Amino acid sequence: MKKTFTKNLVVILALAFVVAACKQPTALIDSAKAAIEDVTKGGADKYAVEELKALNDDLTKAMDEVNAQDKKFFKKFGTAKDMLTQLATKAAELKAQIPAKIEAAKNLAVQLQGEAQTALTEAKDLLAKAPKGKGTAKDLEALKADLTGAETAFAEIQAALDGSDFNGAKDKAMSVKEKAAAIAEQVKAAIEKVKK
Amino acid sequence: MTAACRTPPVPSEVEEAIVLEQDLGRAGGSLFFPAEVEAYRLRLIELKAGFEVERAKFAWFRDYGPIQASFRRLLEEGGGILERVASAKNSRSDTFKTAARELEERVARLKAITGFFNENEAIRPYVTQAEIKLAEARLQGEKENYPEALKSAAEGMSFVEKAREAAGVVLARYLDPDELARWRRQAEDTVAATQAGGKVAFVVNKIERTLTVYRRGKAVASFGIGLGRFGLSDKLFSGDEATPEGQYRVVQKFPNSTFYKALLINYPNDLDRQEFAAAKRRGAVPEGATIGGAIEIHGGGRDNLTMGCVGLENGDMDEVFRWAEIGTPVTIVGALTVEGTILEDLRKFGKNG
(Lines give C-alpha, C1' and ligand atoms only; values in the text may rest on other atoms or scores of the structure.)
Protein backbone atom coordinates (compact mmCIF):
# COMPACT_ATOMS: atom_id res chain seq x y z
CA MET A 1 0.00 0.00 0.00
CA LYS A 2 2.76 2.34 1.06
CA LYS A 3 4.75 1.35 -2.06
CA THR A 4 1.80 2.16 -4.33
CA PHE A 5 1.34 5.53 -2.64
CA THR A 6 5.02 6.44 -3.19
CA LYS A 7 4.79 5.32 -6.79
CA ASN A 8 1.69 7.48 -7.35
CA LEU A 9 3.33 10.45 -5.64
CA VAL A 10 6.35 10.18 -7.94
CA VAL A 11 4.06 10.06 -10.97
CA ILE A 12 2.07 13.06 -9.73
CA LEU A 13 5.24 15.08 -9.02
CA ALA A 14 6.70 14.16 -12.42
CA LEU A 15 3.44 15.19 -14.05
CA ALA A 16 3.43 18.43 -12.14
CA PHE A 17 7.00 19.06 -13.24
CA VAL A 18 6.15 18.47 -16.90
CA VAL A 19 3.09 20.72 -16.67
CA ALA A 20 5.20 23.37 -15.05
CA ALA A 21 7.88 22.97 -17.72
CA CYS A 22 5.25 23.37 -20.48
CA LYS A 23 3.96 26.68 -19.15
CA GLN A 24 5.04 29.96 -20.67
CA PRO A 25 7.51 31.93 -18.54
CA THR A 26 4.85 34.56 -17.85
CA ALA A 27 6.54 35.95 -14.78
CA LEU A 28 9.73 36.55 -16.75
CA ILE A 29 7.78 38.04 -19.65
CA ASP A 30 5.94 40.37 -17.32
CA SER A 31 9.10 41.40 -15.50
CA ALA A 32 10.92 42.03 -18.82
CA LYS A 33 8.04 44.19 -19.99
CA ALA A 34 7.89 45.98 -16.67
CA ALA A 35 11.64 46.63 -16.89
CA ILE A 36 11.22 48.16 -20.35
CA GLU A 37 8.31 50.27 -19.17
CA ASP A 38 10.33 51.34 -16.19
CA VAL A 39 13.33 52.39 -18.26
CA THR A 40 11.02 54.19 -20.70
CA LYS A 41 9.42 56.14 -17.88
CA GLY A 42 12.91 56.91 -16.61
CA GLY A 43 13.59 58.90 -19.78
CA ALA A 44 14.93 56.31 -22.22
CA ASP A 45 12.35 57.39 -24.81
CA LYS A 46 14.04 60.79 -24.87
CA TYR A 47 17.65 60.19 -23.93
CA ALA A 48 18.36 56.56 -24.99
CA VAL A 49 16.16 56.16 -28.05
CA GLU A 50 18.41 53.67 -29.85
CA GLU A 51 19.03 51.55 -26.77
CA LEU A 52 15.33 51.45 -26.01
CA LYS A 53 14.61 50.37 -29.56
CA ALA A 54 17.19 47.56 -29.17
CA LEU A 55 15.49 46.42 -25.95
CA ASN A 56 12.10 46.34 -27.65
CA ASP A 57 13.59 44.38 -30.52
CA ASP A 58 15.06 41.89 -28.03
CA LEU A 59 11.65 41.56 -26.43
CA THR A 60 10.10 40.81 -29.80
CA LYS A 61 12.73 38.13 -30.45
CA ALA A 62 12.14 36.60 -27.00
CA MET A 63 8.40 36.61 -27.57
CA ASP A 64 8.89 35.02 -31.00
CA GLU A 65 10.85 32.26 -29.25
CA VAL A 66 8.12 31.84 -26.62
CA ASN A 67 5.52 31.66 -29.34
CA ALA A 68 7.54 29.17 -31.38
CA GLN A 69 7.99 26.88 -28.39
CA ASP A 70 4.36 27.19 -27.44
CA LYS A 71 3.36 25.64 -30.71
CA LYS A 72 5.62 22.65 -30.20
CA PHE A 73 4.61 19.34 -28.69
CA PHE A 74 7.66 19.28 -26.41
CA LYS A 75 8.03 22.83 -25.23
CA LYS A 76 11.42 24.08 -24.21
CA PHE A 77 11.30 27.61 -22.85
CA GLY A 78 14.93 27.58 -21.69
CA THR A 79 16.23 29.79 -24.52
CA ALA A 80 13.31 32.17 -24.17
CA LYS A 81 13.90 32.36 -20.44
CA ASP A 82 17.57 33.17 -21.00
CA MET A 83 16.62 35.85 -23.51
CA LEU A 84 14.10 37.37 -21.14
CA THR A 85 16.52 37.27 -18.24
CA GLN A 86 19.23 38.94 -20.33
CA LEU A 87 16.70 41.48 -21.48
CA ALA A 88 15.73 42.36 -17.92
CA THR A 89 19.43 42.69 -17.06
CA LYS A 90 20.05 44.95 -20.05
CA ALA A 91 17.02 47.06 -19.14
CA ALA A 92 18.29 47.40 -15.58
CA GLU A 93 21.74 48.39 -16.90
CA LEU A 94 20.18 50.93 -19.21
CA LYS A 95 18.07 52.30 -16.39
CA ALA A 96 21.24 52.80 -14.38
CA GLN A 97 22.78 54.69 -17.32
CA ILE A 98 19.82 57.03 -17.84
CA PRO A 99 20.83 59.64 -15.24
CA ALA A 100 24.26 59.87 -16.91
CA LYS A 101 22.63 60.13 -20.32
CA ILE A 102 20.31 62.89 -19.08
CA GLU A 103 23.32 64.65 -17.58
CA ALA A 104 25.17 64.34 -20.90
CA ALA A 105 22.17 65.75 -22.78
CA LYS A 106 21.99 68.59 -20.28
CA ASN A 107 25.71 69.30 -20.62
CA LEU A 108 25.45 69.31 -24.40
CA ALA A 109 22.48 71.70 -24.24
CA VAL A 110 24.37 73.99 -21.84
CA GLN A 111 27.46 73.83 -24.07
CA LEU A 112 25.36 74.77 -27.11
CA GLN A 113 23.70 77.53 -25.10
CA GLY A 114 27.19 78.91 -24.44
CA GLU A 115 28.06 78.64 -28.13
CA ALA A 116 24.84 80.43 -29.05
CA GLN A 117 25.71 83.17 -26.54
CA THR A 118 29.21 83.48 -28.05
CA ALA A 119 27.74 83.73 -31.55
CA LEU A 120 25.31 86.43 -30.38
CA THR A 121 28.09 88.38 -28.66
CA GLU A 122 30.25 88.15 -31.76
CA ALA A 123 27.42 89.44 -33.94
CA LYS A 124 26.69 92.22 -31.43
CA ASP A 125 30.35 93.28 -31.27
CA LEU A 126 30.62 93.27 -35.04
CA LEU A 127 27.48 95.38 -35.30
CA ALA A 128 28.78 97.84 -32.74
CA LYS A 129 32.00 98.47 -34.61
CA ALA A 130 30.61 98.25 -38.14
CA PRO A 131 31.01 101.57 -39.94
CA LYS A 132 27.64 102.98 -40.95
CA GLY A 133 28.95 104.15 -44.24
CA LYS A 134 27.42 104.51 -47.63
CA GLY A 135 25.14 101.64 -48.41
CA THR A 136 25.38 99.95 -45.03
CA ALA A 137 23.38 102.10 -42.59
CA LYS A 138 20.05 100.65 -43.67
CA ASP A 139 21.34 97.05 -43.70
CA LEU A 140 22.96 97.43 -40.31
CA GLU A 141 19.76 98.82 -38.78
CA ALA A 142 17.86 95.80 -40.11
CA LEU A 143 20.51 93.42 -38.78
CA LYS A 144 20.35 95.13 -35.40
CA ALA A 145 16.62 94.38 -35.32
CA ASP A 146 17.32 90.79 -36.39
CA LEU A 147 19.77 90.42 -33.54
CA THR A 148 17.15 91.66 -31.08
CA GLY A 149 14.92 88.82 -32.27
CA ALA A 150 17.71 86.27 -31.86
CA GLU A 151 18.40 87.55 -28.34
CA THR A 152 14.74 87.15 -27.42
CA ALA A 153 14.78 83.59 -28.77
CA PHE A 154 17.95 82.91 -26.77
CA ALA A 155 15.99 83.36 -23.53
CA GLU A 156 13.87 80.35 -24.49
CA ILE A 157 16.92 78.07 -24.16
CA GLN A 158 17.19 78.74 -20.44
CA ALA A 159 13.44 78.23 -20.05
CA ALA A 160 13.77 74.79 -21.69
CA LEU A 161 16.76 73.94 -19.48
CA ASP A 162 14.83 75.02 -16.40
CA GLY A 163 12.00 72.76 -17.49
CA SER A 164 14.47 69.84 -17.89
CA ASP A 165 13.68 69.74 -21.62
CA PHE A 166 17.32 69.21 -22.61
CA ASN A 167 16.65 67.99 -26.15
CA GLY A 168 14.38 70.99 -26.71
CA ALA A 169 17.05 73.30 -25.27
CA LYS A 170 19.61 71.74 -27.60
CA ASP A 171 17.44 72.34 -30.68
CA LYS A 172 16.73 75.90 -29.61
CA ALA A 173 20.41 76.62 -28.93
CA MET A 174 21.45 75.21 -32.30
CA SER A 175 18.83 77.32 -34.09
CA VAL A 176 19.80 80.54 -32.28
CA LYS A 177 23.50 79.86 -32.85
CA GLU A 178 22.88 79.31 -36.56
CA LYS A 179 20.90 82.55 -36.86
CA ALA A 180 23.44 84.58 -34.86
CA ALA A 181 26.23 83.24 -37.07
CA ALA A 182 24.24 84.18 -40.17
CA ILE A 183 23.74 87.72 -38.81
CA ALA A 184 27.48 87.98 -38.06
CA GLU A 185 28.24 86.93 -41.65
CA GLN A 186 25.86 89.57 -42.99
CA VAL A 187 27.50 92.23 -40.81
CA LYS A 188 30.92 91.16 -42.10
CA ALA A 189 29.61 91.41 -45.66
CA ALA A 190 28.30 94.92 -44.92
CA ILE A 191 31.69 95.93 -43.50
CA GLU A 192 33.39 94.58 -46.63
CA LYS A 193 30.98 96.63 -48.73
CA VAL A 194 32.19 99.80 -47.01
CA LYS A 195 35.87 98.86 -47.46
CA LYS A 196 35.43 98.51 -51.24
CA MET B 1 3.31 12.55 -19.18
CA THR B 2 2.73 13.96 -22.63
CA ALA B 3 -0.96 13.97 -22.08
CA ALA B 4 -0.45 17.00 -19.89
CA CYS B 5 0.94 18.87 -22.89
CA ARG B 6 -1.76 17.57 -25.18
CA THR B 7 -4.27 20.01 -23.80
CA PRO B 8 -6.37 22.24 -26.06
CA PRO B 9 -3.79 24.37 -27.88
CA VAL B 10 -3.26 27.88 -26.62
CA PRO B 11 -5.00 30.20 -29.08
CA SER B 12 -2.42 31.96 -31.24
CA GLU B 13 -4.42 35.18 -30.81
CA VAL B 14 -3.06 35.51 -27.27
CA GLU B 15 0.50 35.86 -28.46
CA GLU B 16 -0.51 37.92 -31.46
CA ALA B 17 -2.27 40.37 -29.17
CA ILE B 18 0.86 40.65 -27.01
CA VAL B 19 3.07 41.20 -30.04
CA LEU B 20 0.60 43.78 -31.34
CA GLU B 21 0.89 45.68 -28.08
CA GLN B 22 4.66 45.88 -28.69
CA ASP B 23 4.12 46.90 -32.29
CA LEU B 24 1.89 49.71 -31.09
CA GLY B 25 4.58 50.79 -28.68
CA ARG B 26 7.29 50.69 -31.33
CA ALA B 27 5.14 52.59 -33.80
CA GLY B 28 4.77 55.38 -31.24
CA GLY B 29 1.07 54.64 -30.80
CA SER B 30 0.84 56.35 -27.43
CA LEU B 31 2.15 59.56 -29.02
CA PHE B 32 -0.64 59.59 -31.56
CA PHE B 33 -3.58 57.87 -29.85
CA PRO B 34 -2.71 57.63 -26.15
CA ALA B 35 -6.25 56.88 -24.96
CA GLU B 36 -6.82 54.11 -27.49
CA VAL B 37 -3.44 52.49 -26.84
CA GLU B 38 -4.00 52.60 -23.09
CA ALA B 39 -7.46 51.06 -23.54
CA TYR B 40 -5.87 48.30 -25.62
CA ARG B 41 -3.26 47.66 -22.93
CA LEU B 42 -5.86 47.45 -20.16
CA ARG B 43 -8.13 45.18 -22.18
CA LEU B 44 -5.13 42.94 -22.93
CA ILE B 45 -4.33 42.64 -19.23
CA GLU B 46 -7.98 41.78 -18.57
CA LEU B 47 -8.11 39.17 -21.31
CA LYS B 48 -4.79 37.66 -20.27
CA ALA B 49 -6.15 37.25 -16.76
CA GLY B 50 -9.23 35.58 -18.25
CA PHE B 51 -7.02 33.35 -20.33
CA GLU B 52 -4.97 32.33 -17.28
CA VAL B 53 -8.16 31.44 -15.43
CA GLU B 54 -9.17 29.24 -18.32
CA ARG B 55 -5.75 27.70 -18.60
CA ALA B 56 -5.71 26.87 -14.89
CA LYS B 57 -8.65 24.57 -15.39
CA PHE B 58 -8.22 20.83 -15.96
CA ALA B 59 -7.71 20.12 -19.61
CA TRP B 60 -11.10 18.49 -20.10
CA PHE B 61 -12.89 21.50 -18.55
CA ARG B 62 -10.95 24.00 -20.59
CA ASP B 63 -12.76 25.96 -23.27
CA TYR B 64 -10.70 28.66 -24.96
CA GLY B 65 -13.53 29.50 -27.38
CA PRO B 66 -15.00 32.60 -25.66
CA ILE B 67 -11.65 34.08 -24.63
CA GLN B 68 -10.26 33.37 -28.10
CA ALA B 69 -13.17 35.33 -29.58
CA SER B 70 -12.45 38.23 -27.22
CA PHE B 71 -8.77 38.17 -28.22
CA ARG B 72 -9.79 38.22 -31.88
CA ARG B 73 -11.90 41.31 -31.30
CA LEU B 74 -9.02 42.94 -29.42
CA LEU B 75 -6.68 42.09 -32.29
CA GLU B 76 -9.05 43.73 -34.73
CA GLU B 77 -9.20 46.84 -32.56
CA GLY B 78 -5.41 46.87 -32.12
CA GLY B 79 -4.85 46.35 -35.84
CA GLY B 80 -7.14 49.29 -36.48
CA ILE B 81 -5.18 51.46 -34.06
CA LEU B 82 -1.90 50.41 -35.68
CA GLU B 83 -3.22 51.34 -39.11
CA ARG B 84 -4.40 54.68 -37.81
CA VAL B 85 -1.00 55.27 -36.20
CA ALA B 86 0.76 54.55 -39.49
CA SER B 87 -1.62 56.80 -41.34
CA ALA B 88 -1.38 59.54 -38.71
CA LYS B 89 2.40 59.26 -38.84
CA ASN B 90 2.42 59.75 -42.61
CA SER B 91 -0.16 62.43 -42.34
CA ARG B 92 1.79 64.27 -39.62
CA SER B 93 4.93 64.04 -41.68
CA ASP B 94 3.07 65.51 -44.65
CA THR B 95 1.35 68.08 -42.45
CA PHE B 96 4.71 69.10 -40.99
CA LYS B 97 6.34 69.38 -44.41
CA THR B 98 3.46 71.56 -45.60
CA ALA B 99 3.59 73.70 -42.44
CA ALA B 100 7.38 74.13 -42.72
CA ARG B 101 7.10 75.07 -46.40
CA GLU B 102 4.34 77.57 -45.67
CA LEU B 103 6.29 79.13 -42.81
CA GLU B 104 9.42 79.37 -44.93
CA GLU B 105 7.50 81.01 -47.75
CA ARG B 106 5.79 83.53 -45.46
CA VAL B 107 9.06 84.41 -43.73
CA ALA B 108 10.65 85.02 -47.15
CA ARG B 109 7.74 87.24 -48.22
CA LEU B 110 7.86 89.19 -44.97
CA LYS B 111 11.58 89.70 -45.37
CA ALA B 112 11.00 91.02 -48.87
CA ILE B 113 8.34 93.44 -47.58
CA THR B 114 10.36 94.62 -44.59
CA GLY B 115 13.52 94.85 -46.69
CA PHE B 116 11.81 97.64 -48.56
CA PHE B 117 11.43 100.06 -45.66
CA ASN B 118 13.46 101.14 -42.67
CA GLU B 119 10.91 100.98 -39.87
CA ASN B 120 12.01 97.48 -38.91
CA GLU B 121 12.67 97.89 -35.23
CA ALA B 122 9.29 96.47 -34.26
CA ILE B 123 8.95 94.04 -37.16
CA ARG B 124 12.22 92.26 -37.88
CA PRO B 125 12.68 90.78 -34.38
CA TYR B 126 9.48 88.81 -34.98
CA VAL B 127 10.66 87.74 -38.42
CA THR B 128 13.91 86.49 -36.89
CA GLN B 129 12.07 84.61 -34.18
CA ALA B 130 9.91 83.00 -36.87
CA GLU B 131 13.09 81.95 -38.71
CA ILE B 132 14.54 80.44 -35.53
CA LYS B 133 11.31 78.54 -34.89
CA LEU B 134 11.48 77.21 -38.45
CA ALA B 135 15.04 75.96 -37.86
CA GLU B 136 13.90 74.36 -34.60
CA ALA B 137 10.95 72.70 -36.31
CA ARG B 138 13.24 71.28 -38.98
CA LEU B 139 15.56 69.75 -36.35
CA GLN B 140 12.57 68.13 -34.64
CA GLY B 141 11.18 66.97 -37.98
CA GLU B 142 14.48 65.25 -38.77
CA LYS B 143 14.00 63.23 -35.58
CA GLU B 144 10.41 62.42 -36.64
CA ASN B 145 9.21 64.23 -33.57
CA TYR B 146 6.29 65.63 -35.50
CA PRO B 147 4.14 66.80 -32.58
CA GLU B 148 7.00 69.06 -31.38
CA ALA B 149 7.96 70.01 -34.93
CA LEU B 150 4.39 71.07 -35.68
CA LYS B 151 4.25 72.99 -32.41
CA SER B 152 7.43 74.90 -33.33
CA ALA B 153 6.10 75.60 -36.83
CA ALA B 154 2.86 76.92 -35.31
CA GLU B 155 4.85 79.14 -32.95
CA GLY B 156 6.84 80.38 -35.95
CA MET B 157 3.59 81.22 -37.70
CA SER B 158 2.42 83.23 -34.67
CA PHE B 159 5.62 85.30 -34.92
CA VAL B 160 4.89 85.84 -38.62
CA GLU B 161 1.45 87.10 -37.64
CA LYS B 162 2.94 89.45 -35.04
CA ALA B 163 5.38 90.78 -37.65
CA ARG B 164 2.51 91.29 -40.09
CA GLU B 165 0.54 93.17 -37.47
CA ALA B 166 3.54 95.36 -36.65
CA ALA B 167 4.05 96.07 -40.35
CA GLY B 168 0.35 96.88 -40.56
CA VAL B 169 0.76 99.48 -37.81
CA VAL B 170 3.67 101.13 -39.66
CA LEU B 171 1.75 101.15 -42.94
CA ALA B 172 -1.78 101.77 -41.61
CA ARG B 173 -1.82 105.38 -42.85
CA TYR B 174 -0.82 104.19 -46.28
CA LEU B 175 -3.85 101.93 -46.52
CA ASP B 176 -6.27 104.66 -45.47
CA PRO B 177 -8.37 105.62 -48.55
CA ASP B 178 -8.84 109.22 -47.31
CA GLU B 179 -5.12 109.70 -46.86
CA LEU B 180 -4.44 108.17 -50.28
CA ALA B 181 -7.03 110.47 -51.86
CA ARG B 182 -5.45 113.52 -50.20
CA TRP B 183 -1.97 112.55 -51.44
CA ARG B 184 -3.34 111.91 -54.94
CA ARG B 185 -4.99 115.34 -54.99
CA GLN B 186 -1.76 117.06 -53.93
CA ALA B 187 0.25 115.21 -56.57
CA GLU B 188 -2.35 115.91 -59.30
CA ASP B 189 -2.43 119.63 -58.42
CA THR B 190 1.36 119.77 -58.57
CA VAL B 191 1.47 117.97 -61.92
CA ALA B 192 -1.37 120.10 -63.33
CA ALA B 193 0.58 123.23 -62.46
CA THR B 194 3.37 122.14 -64.81
CA GLN B 195 1.04 122.25 -67.84
CA ALA B 196 1.61 125.94 -68.39
CA GLY B 197 4.92 127.41 -69.44
CA GLY B 198 6.97 124.25 -69.37
CA LYS B 199 7.45 124.40 -65.63
CA VAL B 200 9.03 121.52 -63.77
CA ALA B 201 7.84 119.87 -60.53
CA PHE B 202 9.07 116.99 -58.41
CA VAL B 203 6.81 114.38 -56.83
CA VAL B 204 8.42 112.24 -54.17
CA ASN B 205 6.57 108.99 -53.52
CA LYS B 206 7.68 107.48 -50.20
CA ILE B 207 6.24 104.01 -50.59
CA GLU B 208 7.55 103.58 -54.11
CA ARG B 209 10.83 105.24 -53.15
CA THR B 210 10.84 107.45 -56.24
CA LEU B 211 11.36 111.07 -57.19
CA THR B 212 9.59 111.79 -60.47
CA VAL B 213 10.22 114.87 -62.54
CA TYR B 214 7.14 116.28 -64.28
CA ARG B 215 7.05 118.80 -67.10
CA ARG B 216 3.99 119.88 -69.09
CA GLY B 217 1.90 117.42 -67.11
CA LYS B 218 4.05 114.45 -68.02
CA ALA B 219 6.63 112.37 -66.15
CA VAL B 220 9.94 113.00 -67.87
CA ALA B 221 12.33 111.26 -65.47
CA SER B 222 12.22 109.14 -62.37
CA PHE B 223 14.90 108.26 -59.81
CA GLY B 224 15.20 105.89 -56.89
CA ILE B 225 15.44 107.52 -53.50
CA GLY B 226 16.32 106.67 -49.90
CA LEU B 227 14.72 107.98 -46.72
CA GLY B 228 15.49 108.08 -43.03
CA ARG B 229 15.04 105.51 -40.28
CA PHE B 230 11.43 106.63 -39.87
CA GLY B 231 11.03 107.92 -43.39
CA LEU B 232 7.52 106.54 -43.78
CA SER B 233 6.28 108.81 -40.99
CA ASP B 234 5.26 112.43 -41.58
CA LYS B 235 7.78 114.78 -40.03
CA LEU B 236 6.50 116.49 -36.92
CA PHE B 237 9.52 117.73 -34.98
CA SER B 238 13.30 118.00 -35.08
CA GLY B 239 15.11 114.69 -34.63
CA ASP B 240 12.17 112.39 -35.38
CA GLU B 241 14.05 111.15 -38.48
CA ALA B 242 10.81 111.34 -40.43
CA THR B 243 10.37 112.85 -43.90
CA PRO B 244 7.79 115.62 -44.23
CA GLU B 245 4.73 115.16 -46.42
CA GLY B 246 3.11 118.05 -48.20
CA GLN B 247 3.56 120.64 -50.92
CA TYR B 248 6.88 122.47 -50.81
CA ARG B 249 9.26 124.23 -53.17
CA VAL B 250 12.98 124.48 -53.66
CA VAL B 251 14.29 127.52 -51.79
CA GLN B 252 18.03 127.07 -52.21
CA LYS B 253 20.47 125.14 -54.41
CA PHE B 254 23.80 123.91 -53.05
CA PRO B 255 26.17 122.80 -55.82
CA ASN B 256 28.73 121.79 -53.18
CA SER B 257 27.19 120.09 -50.19
CA THR B 258 28.30 117.59 -47.54
CA PHE B 259 26.00 115.26 -49.44
CA TYR B 260 27.41 116.03 -52.89
CA LYS B 261 24.73 118.45 -54.15
CA ALA B 262 21.58 119.55 -52.35
CA LEU B 263 18.24 121.28 -52.85
CA LEU B 264 16.80 122.84 -49.72
CA ILE B 265 13.00 122.86 -49.50
CA ASN B 266 10.77 125.17 -47.46
CA TYR B 267 9.99 122.78 -44.63
CA PRO B 268 8.35 123.77 -42.34
CA ASN B 269 5.58 125.46 -44.29
CA ASP B 270 2.54 127.10 -42.70
CA LEU B 271 0.60 123.84 -42.49
CA ASP B 272 3.57 122.10 -40.81
CA ARG B 273 3.73 124.88 -38.23
CA GLN B 274 0.00 124.54 -37.50
CA GLU B 275 0.33 120.76 -37.13
CA PHE B 276 3.38 121.14 -34.88
CA ALA B 277 1.57 123.63 -32.64
CA ALA B 278 -1.47 121.34 -32.41
CA ALA B 279 0.74 118.34 -31.63
CA LYS B 280 2.56 120.31 -28.95
CA ARG B 281 -0.76 121.28 -27.36
CA ARG B 282 -1.87 117.66 -27.12
CA GLY B 283 1.56 116.57 -25.88
CA ALA B 284 2.38 114.54 -28.98
CA VAL B 285 5.92 115.94 -29.25
CA PRO B 286 8.69 115.72 -26.63
CA GLU B 287 9.05 118.64 -24.26
CA GLY B 288 11.43 121.24 -25.65
CA ALA B 289 11.29 119.79 -29.14
CA THR B 290 11.45 122.21 -32.05
CA ILE B 291 9.87 121.83 -35.45
CA GLY B 292 13.27 121.40 -37.13
CA GLY B 293 14.21 122.22 -40.69
CA ALA B 294 16.99 121.83 -43.24
CA ILE B 295 15.13 119.21 -45.20
CA GLU B 296 16.89 118.63 -48.48
CA ILE B 297 16.93 116.53 -51.58
CA HIS B 298 20.58 115.55 -51.70
CA GLY B 299 23.18 113.15 -53.06
CA GLY B 300 25.37 110.77 -51.12
CA GLY B 301 23.46 107.66 -52.05
CA ARG B 302 20.02 106.29 -51.40
CA ASP B 303 21.24 103.46 -49.21
CA ASN B 304 22.20 105.89 -46.50
CA LEU B 305 19.73 106.53 -43.75
CA THR B 306 18.93 110.24 -43.85
CA MET B 307 17.71 112.30 -40.92
CA GLY B 308 14.52 113.08 -42.83
CA CYS B 309 15.93 114.23 -46.17
CA VAL B 310 15.50 112.56 -49.53
CA GLY B 311 18.71 110.84 -50.63
CA LEU B 312 19.72 110.07 -54.21
CA GLU B 313 22.69 108.50 -55.93
CA ASN B 314 25.13 111.21 -57.00
CA GLY B 315 24.60 110.60 -60.70
CA ASP B 316 20.85 110.96 -60.30
CA MET B 317 21.36 114.04 -58.14
CA ASP B 318 23.26 115.67 -60.99
CA GLU B 319 20.18 115.33 -63.19
CA VAL B 320 17.70 116.42 -60.53
CA PHE B 321 19.92 119.38 -59.72
CA ARG B 322 19.83 120.39 -63.39
CA TRP B 323 16.02 120.17 -63.53
CA ALA B 324 15.62 122.22 -60.33
CA GLU B 325 15.24 125.96 -60.04
CA ILE B 326 14.54 128.13 -57.05
CA GLY B 327 10.78 127.83 -56.64
CA THR B 328 10.42 124.38 -58.25
CA PRO B 329 7.45 122.67 -56.56
CA VAL B 330 8.31 119.55 -54.54
CA THR B 331 5.34 117.49 -53.39
CA ILE B 332 6.09 114.66 -51.01
CA VAL B 333 3.39 112.02 -50.67
CA GLY B 334 3.16 108.72 -48.84
CA ALA B 335 1.64 106.79 -51.71
CA LEU B 336 -0.57 107.32 -54.74
CA THR B 337 -1.95 103.84 -55.05
CA VAL B 338 -1.97 100.51 -53.26
CA GLU B 339 -1.79 98.39 -56.40
CA GLY B 340 1.63 97.23 -57.48
CA THR B 341 3.32 98.37 -54.27
CA ILE B 342 4.38 96.61 -51.06
CA LEU B 343 1.05 97.83 -49.66
CA GLU B 344 -0.66 95.38 -51.97
CA ASP B 345 1.78 92.64 -50.92
CA LEU B 346 1.01 93.33 -47.28
CA ARG B 347 -2.72 93.33 -47.92
CA LYS B 348 -2.48 90.02 -49.80
CA PHE B 349 -0.19 88.62 -47.14
CA GLY B 350 -2.85 89.31 -44.54
CA LYS B 351 -5.61 87.80 -46.65
CA ASN B 352 -3.60 84.63 -47.25
CA GLY B 353 -3.64 84.39 -43.53
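A crossing of two helices is called left-handed if the near helix is turned anticlockwise from the far one by less than a right angle, and right-handed if clockwise. In that sense helix 1 of chain B passes helix 4 of chain B in a left-handed crossing, where helices (H or I, at least four residues) and strands (E, at least two) are DSSP runs numbered from the N terminus. This is a predicted model, in which local features need pLDDT of at least 70 and side-chain atom pairs count only at pLDDT 80 or more, while totals for chains, interfaces and linings use all residues. Residues are numbered from 1 along each chain as its sequence is written, and chains are lettered from A and ligands numbered from 1 in the order in which they are written.

The axes of helix 1 and helix 4 (residues 65–114) of chain B lie 9 Å apart, and the two helices pack at an angle of about 20 degrees; axes here are lines fitted to C-alpha atoms, for helices over the stretch in contact, and angles run from 0 to 180 degrees between N-to-C directions. Helix 1 of chain B is therefore roughly parallel to helix 4 of chain B, because angles under 35 degrees count as roughly parallel, over 145 as roughly antiparallel, 65 to 115 as roughly perpendicular and the rest as oblique. Among the residues making this contact are Val14(B), Ala17(B) and Leu20(B) of helix 1, and Phe71(B), Leu75(B) and Leu82(B) of helix 4, two residues being in contact if their C-beta atoms, placed from the backbone, lie within 7 Å.

Strand 4 (residues 246–257) and strand 5 (residues 260–265) of chain B run antiparallel and are joined by five bridges.

Turning to the other chain, the contact takes 31 residues from chain B and 33 residues from chain A. Helix 5 of chain B gives the most to the side of chain B that touches chain A, with twelve residues.

Notes. Two strands pair if DSSP finds at least two bridges between them.
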